[in-house]
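Let's take a walk through this model together. Have the sequence and the 3D view open as you read.

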Amino acid sequence: MIGLISYLVFFTTVASILAIAVLGLNLQWGNTGLFNGGVVAFFGAGAYGTLLLGGTPQPDHMGGFGLIYPLALLGGMVAAGLLAWIVGVLTLRMRHDYLAISTFGVAVAFENLMRNAEWLSGGAKGIRGFERPLRAALGDGFLYNLLFLLFVLLLLFATYRFLELLVGSPFGRLLRAIREDETAARSLGKSPDRIRLIAFITGSVIMGLAGGLYGTFYAFVSPQDVLPTLTFQIWAMLIVGGAGNNRGAIMGAFLIWAAWTASGWGLSRFAPVEMQIFAGSIQYVLIGLVIVGMLLWRPQGLFPERLVVSQSGHAKN
Amino acid sequence: MKKLNNSKLALTLGTSIGLAMVAGSAMAQDCTTKIGAVLPTSVDWGRPIAETAQFAVDQVNAAGGVAGCEIEMVLRDTQVDPKVGVDAAKALVDLDGVQVLLGAVSSGVSMPILTSVSVPSNVMQMSCCSSSTAFTKLAEEGNTDGLFFRTFATTGVQAAVGAKVAADQGFSSVAILYKNDDWGQDLNNLIARDFEALGITVTASVAINDGQPSYRAEVTQALSGSPEALYLGLYPAEGTAAVREWLSLGGTQNMIMANSLKSDDFRENVGLQYLGSALGTDTASPRVASADAFVAAYIDRFDSEPNGPGLANSYDATMIALLAMEAAGKDATGDQIAASVASVTDPNGTPVTADTAGFAAARDVLAGGGTVMYQGATGNVRFDANGDVSAPAVVWKFTEGGTEEVQYLSLTEVDDFIASLN
């Protein structure tokens, strides 16, 4: 029973971290219509930034500045934001598929940079030597994981509230206006380019936060953590949950990550021994089926976007 | 009661693939001890590594299991994704209560498993194939708690023997193609240093990324210095593609290969006629009778020679883990099992072979309070204080039916040679 709780705490932590990244993508795609195919680059910038700033000094690469944790995490978010600003200025004039391809390229370039720039990121060996905050006081057992989960849940809730407020505000309406018809928004005197850039950077900073928490949780990050698979996973979560709906984004993250892990667990437990060896491949097929099924029967996601008329047409005055 | 909870969990977690319905058929026997295996079974070369581990478990069960209990190896796929691997390891430890984890293969997966699952949960982790020097550093800093072992000799041995082959063949200049991951980068750095120590010029060191349609640019770069020989630190898939381009552009057939290319696929896809002057290195030791026994038993079981990367290492990792569990006794915890590893790899202990009979013999010796020296598929495995192994080495070449040994270097010869380089 203790084992089950301990595992669920672990699972919920990872799912919540991923949910934060999905919320960031939801702001970009769900609300603003920006097709970010390079989620993993901003996630990775947050993770690498946090570990480089907050880690202990290492002989073979830079970093290890040993900043106190909140500053390191903030630094990771700033790193993601800076990357988003550069990428955004260069690519946001492109539309949909072109934007997707160029941001995907940025993510691949990011992974290759981290893999090869040994002086910066430790190369393929990755970054170790990060001391998890308060580990000395709390040990690294169940209590630590539980408190870290609470910290992550708090940030998840704060991100959710922030985005709900943002989306419900006039600025949120502006985002949707740009998503639906950019020319119309421009004709009303709005500046879509600037607004798109702001939304892109904000979403990426949120992804950077998720990346920073991810790096903190494992106390390790390597180029294997920033492969394109992660971008695909985050997108699958948003599509299944429902693009444009923050609650859907969070639910999608939990459901897909649960399916991803539970299918492996279920196969290892219930598949016959001679099939075990193929369980990994079967798992890929099952996960693919869930996503295809979702797209076929409920393309709007489990929690579709709710369009709210914030000002009634029959004004009192 | 636990079974019921777990079934509920599977349902709630929403896989809903109907798997829970077969829960009843998976009832355990009276006495079963579980061990966990976290291996990349969704990758082609990962599957035989898992099969070999299961093979060792079957042999031990045939000898009556460990501490009177049958061993059940619960196998989880890592998908070579650190998140998935760590989650699988955590589930094995928390839900299945394993005290021993076998795996992973990639250092980028083994490392987060070690730091966020094995060490916090006090579980022994035995990897067959992770080669990164980062583990040695982590152990030196005292952060593995003595829980981590690996049966894959550190990249240093592989690099030193590769450099020795080049020196013995009289090559004065060598180009290097290496896989662009932690293993390849380590290997490249080490062998470049060894070549330099032996006075051999490295004309080019070129990184090869996975899954490219063509390696013409990389190969051209390697060719530019007109090297006398080519060193290949690659895996079969991209190794085949790169070597084909190398040969078609007129590169030399003097090639030195790391053990990762000891594969039938590589030999067949490149063509034996081009591999006549190619020499490979490996850390296995077929001098010991039990290693021959492993090859024979493997052929008997799988109808092919154990030619894939990491098979002998996977076998030894599993066997040593199980022997240590036997030595630690029933219901031992991970740290107790880890502490018992020394008593089953004791150079002064009673020699035991790596098979069913050997396990039974080891049980008797251990029950009498003695220690054993495990003679495994990779030789007489001996761990240093950091959980690393050094190993005897062989030089091999491809033949019609597989591979053939050209030269054997004993542990002392390897250690002396490495010492002479520094």
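Predicted model: local features only at pLDDT ≥ 70, side-chain atom pairs only at ≥ 80, totals over all residues.

Residues are numbered from 1 along each chain as its sequence is written, and chains are lettered from A and ligands numbered from 1 in the order in which they are written.

Start with helices H2 (residues 39-54) and H10 (residues 192-218) of chain A, whose axes come within 6 Å and cross at roughly 50°. Helices (H or I, at least four residues) and strands (E, at least two) are DSSP runs, numbered from the N terminus; axes are lines fitted to C-alpha atoms, for helices over the stretch in contact, with angles from 0 to 180 degrees between N-to-C directions. H2(A) and H10(A) are therefore oblique to each other (under 35 degrees is roughly parallel, over 145 roughly antiparallel, 65 to 115 roughly perpendicular, the rest oblique).

Now hop to chain B, where 3 strands make an open sheet in the order E11-E12-E13, with mixed pairing (two strands pair if DSSP finds at least two bridges between them). E11 (350-353) and E13 (379-380) of chain B are at the edges with a single partner strand each, so one side of each has no neighbour in the sheet. E11(B) pairs with E12(B), residues 372-376, in the parallel sense over 4 bridges. Look for B:Val352, whose bridge partner in E12(B) is B:Tyr374.
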